[in-house]
Amino acid sequence: MIQCPRGTRDFLPDEMEKRRFYENKLRHTAGTFGFREVETPIFEDAELFILRSGPNVLKELYAFKDKGDREIALRPEMTAPAIRMFVNGMSNDPKPIKIFYFGQCFRYERPQSGRYREFFQFGAELIGSATPETDAEVISMAAAMIRNLGLKEYKIRIGHIGVLRQKIADAGVPKERAAEVLQKLDKKLYDEARPLLEDMNVDSDAIDDIFSLTETVGGVEVLDRVPGEAGDWLRQVVAYLNAMGVVDVEIDLGVVRGLDYYTGMVFEAEAPSLGAEKQICGGGSYTLSELFGGEKVFSTGFAIGFDRILLAMEKEGQVYEPKGIDAYVLSVSDDVRMKAAEIVAGLRAQGISADVDIMGRKMAKALKYASSIRARYAVIVGAKELAEGSVTLRDMTSGEQTLVPVDSLASVIRQ
């Protein structure tokens with residue numbers, strides 16, 4: 001038996017219904033913030049991701065040559081494609097541009113709980129402005145999305161990548177090697193970061209200083225340790241967030257993010273229910289458009305790991321109940337099967353979700369099947385009732401049965 005590839009999944013109808021339900025909650029929330037949906041190809045020129053995604057993403061890239069000998073890659077994330085799309089077709093549009101997207105991404109990594117090689121990402125970009133207000137708007141939308149999905153326990157941590165970049169530059173780390181150092185610090189892999197920094201002739205005190213900075217976590221008072229513009233910027237971001245009703249955010253100067261294109265404010269959201277691998281959302285401010293042939297434009301964006309947030313909700317005990325259909329139409333005898341087909345078509349034409357027995361089951365088995373597909377009602381079509389222009393409507397929860405005129409059937413079910 002052929003199985004789906006390792007790190008991928010099939011979604012059966014109940015699971016797919018649940019996923020669409022929560023996807024649409026995210027879409028609705030984005031709409032309330034004035035963001036509009038876009039879609040980009042699942043594969044792109046590999047160069048799009050090689051230019052500035054960071055060493056961690058490049059190692060996991062699904063890249064190949066197509067039949068035209070072009071270097072192609074399945075997208076490992078969706079910010080770079082969104083900005084490529086902006087440069088190609090939206091760069092002259094009035095700013096700011098607010099867009100969101102949902103789709104599959106691919107990374108060749110070790111599958112584990114909540115992490116797959118094919119995973120789903122919901123993200124947004126606010127393009128065309130770099131202000132504390134812009135950053136707060138994006139963080140506020142991410143918080144609203146998490147809240148509207150119904151997740152109860154989560155924490156938002158905010159930092160500024162510029163502080164750490166400056167710190168390692170001052171310590172003597174060459175600019176071209178900053179990404180590999182940040183990658184280790186992002187994962188808090190201090191045992192691997194120390195020899196790397198020593199190899200770059202960074203002295204022991206400076207290394208300790210860098211590690212100490214990444215462990216600086218707390219309330220707004222932490223910003224007293226952040227000199228100059230970065231500290232002022234984050235104070236304003238927090239003030240705007242408070243005005244928008246987003247409180248209890250944590251300042252964490254160790255928030256690095258795994259992608260190499262972030263330049264300013266960075267943030268993450270985590271769900272304690274997931275244990276060690278608890279990140280469910282991340283983003284920040286960046287510039288990418290100039291790498292793809294456009295003018296330099298400042299943006300702020302984020303992505304929600306859709307699979308991980310659903311897992312977090314599940315671990316909190318949230319259960320989604322599939323909806324089922326409104327009506328299941330079944331025939332008492334073969335001579336009324338044509339009339340049953342006509343009745344189900346009439347219900348569907350009036351917006352009622354309805355199915356019909358096409359297997360020729362006996363009454364008891366047909367009712368059992370109606371229950372298994374969570375039909376609210378069974379519409380029992382019999383010759384005797386049809387002679388009076390009626391059918392029997394059975395409430396599948398209570399078992400109560402009533403005689404209903406065929407002409408009134410849709411309105412009775414709708415009520």
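**A walk through the predicted model**

In strand E4, Ala73 is the bridge partner of Glu44. That pair is a handy place to start our tour of this structure, which is a predicted model. Strand E4 covers residues 71-74, and three bridges join E2 to this strand, the two running antiparallel. They belong to an open sheet of three strands, ordered E2-E4-E3, with antiparallel pairing. At the edges sit strand E2 (43-45) and strand E3 (63-65), each of which pairs on one side only. Neighbouring strands in this sheet are turned by 35° against each other on average, direction ignored. As background, the strands of a sheet pair through backbone hydrogen bonds, and the pairing can be parallel or antiparallel.

Let's step back to the whole chain. The protein chain holds 15 helices and 17 strands. Its radius of gyration is 28 Å, well over the 22 Å that the globule rule gives for 415 residues, so the chain is more spread out than a compact globule. The C-alpha trace spans about 95 × 55 × 45 Å along its principal axes. Of the 415 residues in the chain, 49% are buried. The accessible surface of the chain comes to about 20,600 Å², and carbon and sulfur atoms account for 50% of that. Among contacts in the chain with a separation of 6 or more, 67% are between residues 24 or more positions apart.

Now follow the chain to strand E11 (residues 279-287). Eight of the nine residues of E11 are buried, so this strand is largely enclosed by the rest of the structure. What pairs with E11? Strand E10 (residues 262-270) is joined to E11 by six bridges, running antiparallel, and strand E12 (residues 298-305) pairs with E11 over seven bridges, also in the antiparallel sense. To find these pairings on your screen, look for Phe267, which stands opposite Gly283 in E11, and for Tyr286, which stands opposite Ser299 in E12.

Is Thr287 buried or exposed? With a relative accessible area of 4%, Thr287 counts as buried because the cut-off for that label is under 20%. Not counting residues up to four places away in sequence, Thr287 touches Tyr261, Thr263, Lys296, Val297 and Phe298. The side chains of Thr287 and Glu290 are joined by a polar contact of 3.0 Å.

Further along, Ser390 lies in strand E16 (residues 390-395). This serine is buried too, with a relative accessible area of 8%. Leaving aside neighbours within four places in sequence, Ser390 is in contact with Glu385, Leu403, Val404, Pro405 and Val406.

Helices deserve a look as well. Helix H7 (residues 178-186) has seven of its nine residues buried, so H7 is largely enclosed by the rest of the structure. The buried residues in H7 are Ala178, Ala179, Val181, Leu182, Gln183, Leu185 and Asp186. For orientation, an α-helix has 3.6 residues a turn, so residues three or four places apart point the same way.

The last stops are about backbone geometry. Most residues other than glycine have a negative phi, and most peptide bonds are trans. Just after H7, Lys188 takes a positive phi of about 60°. Asn201, in the loop between helix H8 (190-199) and helix H9 (204-214), has a positive phi near 65°. Asn201 is exposed, with a relative accessible area of 70%. Asp248 is not a glycine either, yet has a positive phi of about 65°. Asp248 lies in the loop between helix H10 (228-243) and strand E9 (250-252) and is exposed, with a relative accessible area of 72%.

Where is the cis peptide bond that joins Lys95 and Pro96? Pro96 lies in the loop between helix H4 (79-89) and strand E5 (97-106), and omega for the bond from Lys95 to Pro96 is about 0°.

Note on methods
Residues are numbered from 1 along each chain as its sequence is written. This is a predicted model: local features need pLDDT of at least 70, side-chain atom pairs count only at pLDDT 80 or more; totals for chains, interfaces and linings use all residues. Side-chain values use heavy atoms; hydrogens and water are left out. Helices (H or I, at least four residues) and strands (E, at least two) are DSSP runs, numbered from the N terminus. Buried means under 20% relative accessible area, exposed over 50%, partly exposed in between (1.4 Å probe, protein chains only). A polar contact is a pair of N or O atoms within 3.5 Å; within protein, one must be able to donate a hydrogen and the other to accept it, and residues adjacent in sequence count only if both atoms are side-chain atoms. Contact means heavy atoms within 4.5 Å. Two strands pair if DSSP finds at least two bridges between them. Axes are lines fitted to C-alpha atoms, for helices over the stretch in contact, and angles run from 0 to 180 degrees between N-to-C directions. The radius of gyration is taken over C-alpha atoms; the globule rule is 2.2 Å times the number of residues to the power 0.38. Accessible areas come from the Shrake-Rupley method with a 1.4 Å probe; for residues, only the protein chains shown count as cover.
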